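Please read the following note with the sequence and the 3D structure open beside it.

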Amino acid sequence: MSNRGLFTGIILAVVLMIAYSCVYVVAEYQRAIVFEFGRLEASDIDAGLNFKKPWAKVAKFDGRLQTADMNPESFFTVENKRLIVDSYIKWRIEDVEAYYKATGGVESTAESRLAQRVADGLRNQFGKRTLHDVVSGKRDELMREITESINVDAIKLLGI
């Protein structure tokens, strides 16, 4: 009788391990994708308790609003006046599949690629304006134009 109890215990343990490997939880602030044998199987998984095949892998990313502090950079206005600009970026994952494909899921890679786009956008916008336009009331217009142009590229190319 003890052999039968041991066998039942082992079977029960194996079943529980398989069941445990099929269940995963995605928090409300997370974004997740599922891979099956290295191939993207599902993206933008809903928050809560989810199920997967035992051999599938789940990658979770922080979907909350992130802040990246940029290093101060030097830009020139149309008058050839030099400005040192300190900036920051607020971003979050919008398309988790595009984000993973563009960055490999590495937050620092996303921030550096986004920082390059922001620096280019600032350089282009400052190059079209005078010092008075940058510092005065047209600053809001400048920031709106930069934000709109970067958002289009960032969503399409980086998924953020």
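The numbered points below go from the basis of the model to the chain, and then to the spaces in it.

1. This is a predicted model, in which local features need pLDDT of at least 70 and side-chain atom pairs count only at pLDDT 80 or more, while totals for chains, interfaces and linings use all residues. Residues are numbered from 1 along each chain as its sequence is written, and side-chain values use heavy atoms, with hydrogens and water left out.

2. The protein chain has five helices and nine strands, where helices (H or I, at least four residues) and strands (E, at least two) are DSSP runs numbered from the N terminus. Along the sequence these elements follow the pattern α-β-β-β-β-β-β-β-β-β-α-α-α-α.

3. The C-alpha trace of the protein chain spans about 95 × 25 × 20 Å along its principal axes. The radius of gyration is 24 Å, whereas a compact globule of 160 residues would have one near 15 Å; this quantity is taken over C-alpha atoms, and the globule rule is 2.2 Å times the number of residues to the power 0.38.

4. Of the 160 residues, 33% count as buried, that is, under 20% relative accessible area with a 1.4 Å probe and protein chains only.

5. The largest pocket has a volume of about 730 Å³. On a 1 Å grid over the protein atoms alone, a pocket is an open set of points with protein on both sides within 12 Å along at least five of seven lines, a cavity is a set where a 1.4 Å probe fits but cannot get out, and lining residues have an atom within 4 Å of a point. Volume here is the space filled by probe spheres set on the points, which are joined across faces, edges and corners.

6. Which residues lie nearest the centre of the largest pocket? They are Tyr88, Ile89, Lys90, Met143 and Thr147, out of 26 lining residues. Strand E9 (88–91) and helices H3 (107–127), H4 (131–135) and H5 (139–158) each give two or more residues to this lining, and H5 gives the most, with nine. By class, the lining divides into 18 nonpolar, three polar and five charged residues, with Ala, Val, Leu, Ile, Met, Phe, Trp, Tyr, Cys and Pro counted as nonpolar, Asp, Glu, Lys and Arg as charged, and the others, Gly among them, as polar.

7. A search of the whole structure finds one cavity of 30 Å³ or more, and the largest cavity has a volume of about 40 Å³. Its lining includes Met70, Phe75, Val85 and Leu122, and the largest share, four residues, comes from H3.

Definitions and conventions
Buried means under 20% relative accessible area, exposed over 50%, partly exposed in between (1.4 Å probe, protein chains only).
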